[in-house]
Each structure stands twice: as C-alpha cells, then as structure tokens.
Amino acid sequence: MEHTYQYAWIIPFLPLPIPMLLGVGLLLFPTATKNLRRMWSFTSVLLLSIDMTFSVNLSIHQINSSSIYQYVWSWTINNDFSLEFGYLIDPLTSIK
C-alpha cells in the first residue's frame, strides 16, 4: 500500500508527454504529425486509461484506510527562504 502513495506523483504527469509531443510535432513537422494523429490519439487514450487505473487504485486504498499521506520536496533553500512543493492525499482530495 505504501507504493501506491509513493508513486502518486506520477498520476498528473503520465498523460503529459503526448500533448507536448503533439504540440512540438505540429510546430516542427505539421504534415507528418497530422498524418499520424490517429496513432497519437490511441497512445493518449492508453496513457489516460493507465492514469485512471492508478487513480481508482489510490482512491480505493484511501477509502479503505482513510489515512493521510503528505510528501513534500524542498526545491530551493536559502537563508530565510525555502520553496517547498509536494502532494497531499487525504479523504477529501482522493475524491477529485
């Protein structure tokens, strides 16, 4: 169950590469990208399905255990300034 929470940061970033590749492809190679649009859409739907599976698994674990999990990274640390980012998984945020 700890692995489910540990890799929860992947959920928002899993479908991200396909739209980025499509955008760059349309800027650099517009005709080739337009011809390959069906293949890109299949890959995008596949990654969204995997993402949905991870999200449902995380929600089921959260509903069954109702524990709170928080993970925070410190990105930059200066004398009095610290920029931290992370994610929080609790019963309210698992509903989406």
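**Labels and their cut-offs**

Trainee: Why is Gly86 called partly exposed?
Mentor: Gly86 has 47% relative accessibility; buried means under 20% relative accessible area and exposed over 50%, with partly exposed in between (1.4 Å probe, protein chains only). The value falls in between, so Gly86 counts as partly exposed. Before going on, note that this is a predicted model, where local features need pLDDT of at least 70 and side-chain atom pairs count only at pLDDT 80 or more, while totals for chains, interfaces and linings use all residues. Residues are numbered from 1 along each chain as its sequence is written, and side-chain values use heavy atoms, leaving out hydrogens and water.

Trainee: Where does Gly86 lie?
Mentor: In strand S2, which spans 82–89; strands (E, at least two residues) and helices (H or I, at least four) are DSSP runs numbered from the N terminus. Gly86 and Met52 are 34 residues apart in sequence and 20 Å apart in space, C-alpha to C-alpha.

Trainee: Why is Trp75 called exposed?
Mentor: Trp75, found in strand S1, has 62% relative accessibility. That is over the cut-off for exposed, so the label holds.

Trainee: Which strand gives the most to the nonpolar patch?
Mentor: S1, with 3 residues. The patch covers about 1200 Å², and Leu16 and Trp75 are among its residues.

Trainee: What is the volume of the largest pocket, and which residues are closest to its centre?
Mentor: The volume is about 270 Å³. Of the 16 lining residues, the closest to the centre are Ala8, Pro12, Leu58, Tyr87 and Ile89. S2 supplies the largest share of the lining, 4 residues, while helix H2 (10–13) and helix H5 (37–65) each supply at least two.

Key:
Patch = residues over 30% accessible without salt bridge, like charges linked within 9 Å, V, L, I, M, F, W, Y side chains within 5 Å. Areas by Shrake-Rupley, 256 points an atom, 1.4 Å probe, with all protein chains shown as cover. Salt bridge = Lys/Arg side-chain N within 4 Å of Asp/Glu carboxyl O. 1 Å grid on protein atoms, 1.4 Å probe; cavity = no way out; pocket = protein on both sides within 12 Å on 5 of 7 lines; lining within 4 Å. Points joined across faces, edges and corners; volume = space filled by probe spheres on them.
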